[in-house]
Structure formats: structure tokens, C-alpha cells
Amino acid sequence: MGTLSSSGLYTAPALIASSQTVTVTATSNADPSKSASATITLLPVSVTVSPSSITLAANQSQQFTAYVANTTNTAVIWTMSPSLGTLSPSGLYTAPASFTPPQTVAIMATSVADPTKANVATVTLQPPQPILDERWQGNWQSRWNSSGVWADPLGLHGKDRKRD
């Protein structure tokens, strides 16, 4: 696995499918009974994506980060499936403005160094929680806040007023 030059330079293979151990032995030309060995551990490229899962509502964004190990080339190619929302080349995902919930989108980072190595994060798209308007609930209980001021967030009862 890999190549060894006549001067003793070992070069690992371009792609490593799984962890392997290589032993290189050098034997003296002057005295063939003398030798030394070195053990080299070859590790495959691995990709991790963070966060691994998240829930977003319409138009919300999330920056994904890919960590590529065991290679000097840490570049990745980002893809998504299904194509729902937008995904930038740097891993920034933005949920679509509208969708039929619930939806799940897979965000994949694939290693450029070893395209057989990838990792997937999951985006769950959920609609925003409805904001209930008290005008339609018939719920007109007094709402004094902790400062003793009548809270009228909808502006239906005139100005906020102090408790007597």
C-alpha cells in the first residue's frame, strides 16, 4: 500500500479506504544481518458536519461547518437533498420562504481530497408557531405587568396606564 523509493521515501496512497498499518524495513547493503523497521499507520479521510441536526422555520438560516481529518486538503463540496431552500458554497443554508411542513433536508459535505468520504446533517423545516391574537380569543383579563403598568400590546385600550 503506497510506494517506497530506493532512497527510503515512503508515499502513502492517494485514497485510503480504512485504517491500515504499513511496515517499512531498511536492510544494510554492507551487512545484510543489520536492519531497522518503521511502522506507519494510514488513516482514511473523515468528514464531520456541525451542527448535525437543527430545526428551522421559513427564511431562517444556519451556517454549517465541515471538519475534514487526516488530509491536508480540507475543502468540501456542499450539496442538499431535496433542493428546498438555498445552500451556499461555504455551507450557509437558508430555509425557503414557504413550504409544506413538515420537511426534512439533508445537507451533505463531501471531501474534495477523497470524494468517497462525506457526512450529512439534517434540517427539519417547521412552520413558525402561530401568534394568537387575543382580540379573537375573548380573553380580556387584566394584565398588570411586574412594574404595575397595564400591558396593552395590541393598543386596543388606549395608552398603557399606571395601576392606582
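These are my notebook entries on a predicted model of one protein chain.

**Entry 1: confidence**

The mean pLDDT of the protein chain is 84, and 78% of the residues reach 70 or more.

**Entry 2: the chain as a whole**

Next I followed an open sheet of 4 strands, in the order 6-13-12-9 and with mixed pairing. Why is one side of strand 6 and of strand 9 left without a neighbour in the sheet? Both stand at the edges, each with a single partner strand, so one side of each has no neighbour there. From one strand to the next, the twist averages 25°.

I then walked across the sheet, pair by pair.

- Strand 6 (residues 53-56) runs parallel to strand 13 (residues 118-125), with 4 bridges between them. Here Thr55 has Thr124 of strand 13 as its bridge partner.
- Strand 13 and strand 12 (residues 103-111) run antiparallel and are joined by 8 bridges. Thr110 is bridged to Ala118 in strand 13. These two strands form a hairpin, with 6 residues between them.
- Strand 12 pairs with strand 9 in the antiparallel sense, over 6 bridges. Met80 has Ile107 of strand 12 as its bridge partner.

A reminder to myself: strands of a sheet pair through backbone hydrogen bonds, either parallel or antiparallel.

**Entry 3: the nonpolar cores**

Which residues of the largest nonpolar core touch the most other members? That core has 18 residues, and the answer is Phe64, Trp78, Tyr93, Val105, Ile107, Val123 and Leu125. Strand 5 (46-50), strand 9, strand 12 and strand 13 each supply at least two residues of this core. There is also a second, separate core of 5 residues, including Tyr10, Ile16, Val22 and Leu42.

Leaving out residues up to four places away in sequence, Val105 touches Met80, Ser81, Pro82, Leu84, Tyr93, Ala121, Thr122, Val123 and Leu125. Among these contacts, Tyr93, Val123 and Leu125 are also on the list of residues touching the most other core members.

**Entry 4: Gln62**

My last stop was Gln62, which is found in strand 7 (residues 61-63). Is Gln62 buried or exposed? Its relative accessible area is 19%, and since the cut-off for buried is under 20%, Gln62 counts as buried. I then asked what Gln62 touches, setting aside residues up to four places away in sequence. I found Pro51, Ile54, Leu56, Gly91, Leu92 and Tyr93. Tyr93 is a name I had already met, among the contacts of Val105.

Definitions and conventions: Residues numbered from 1 in each chain as written. Predicted model: local features only at pLDDT ≥ 70, side-chain atom pairs only at ≥ 80, totals over all residues. Heavy atoms only, no water. Pairing = 2+ DSSP bridges. Buried < 20%, exposed > 50% of the residue type's maximum accessible area, 1.4 Å probe, protein only. Contact = heavy atoms within 4.5 Å. pLDDT = per-residue confidence, 0-100. Axes fitted to C-alpha atoms, helices over the stretch in contact; angles between N-to-C directions. Core = buried A, V, L, I, M, F, W, Y, C linked by side-chain atoms within 4.5 Å.
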